[in-house]
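Visitor: I'd like to learn how to read a model like this one. Could you walk me through it?

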Amino acid sequence: MILSMSGVMILGVIVFLFFRKDGLKGSHATVTALFGFYLASTGIAPSIKAGGESLASLLGGIKF
């Protein structure tokens, strides 16, 4: 739950920055969000979730 919330917040900030700085149009952000919701209901969703969790654990294991 914490991982998915932080992922949503990070992606939200990225979309906001693109919207403000790089000229991302509101329609593009809306289409991307809808695509994400539809993709979450497909059979590939568990693979995407597993990949995200794997990436998060990889990044979490990096020691500075």
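Visitor: How many helices and strands does the protein have?

Guide: Helices (H or I, at least four residues) and strands (E, at least two) are DSSP runs, numbered from the N terminus. Here you get 3 helices and 0 strands, in the order α-α-α from the N terminus on. Mind that this is a predicted model, where local features need pLDDT of at least 70 and side-chain atom pairs count only at pLDDT 80 or more, while totals for chains, interfaces and linings use all residues. Residues are numbered from 1 along each chain as its sequence is written, and side-chain values use heavy atoms, with hydrogens and water left out.

Visitor: What percentage of the residues is buried?

Guide: Buried means under 20% relative accessible area, exposed over 50%, and partly exposed in between (1.4 Å probe, protein chains only). Of the 64 residues in the protein, 2% are buried. The accessible surface (Shrake-Rupley, 1.4 Å probe, only the protein chains shown counting as cover for residues) comes to about 5,700 Å², and 75% of that belongs to carbon and sulfur atoms.

Visitor: Is phenylalanine 64 buried or exposed?

Guide: Phenylalanine 64 sits in the segment after helix H3 (45-60), and it counts as exposed because its relative accessible area is 97%. Together with Leu55, Leu58, Leu59 and Ile62, Phe64 forms a nonpolar surface patch of about 630 Å² accessible area.

Visitor: Where is histidine 28?

Guide: Histidine 28 lies in helix H2 (residues 26-40). With a relative accessible area of 41%, histidine 28 is partly exposed. Histidine 28 and valine 15 are 13 residues apart in sequence and 9.9 Å apart in space, C-alpha to C-alpha.

Definitions and conventions
Patch = residues over 30% accessible without salt bridge, like charges linked within 9 Å, V, L, I, M, F, W, Y side chains within 5 Å. Salt bridge = Lys/Arg side-chain N within 4 Å of Asp/Glu carboxyl O.
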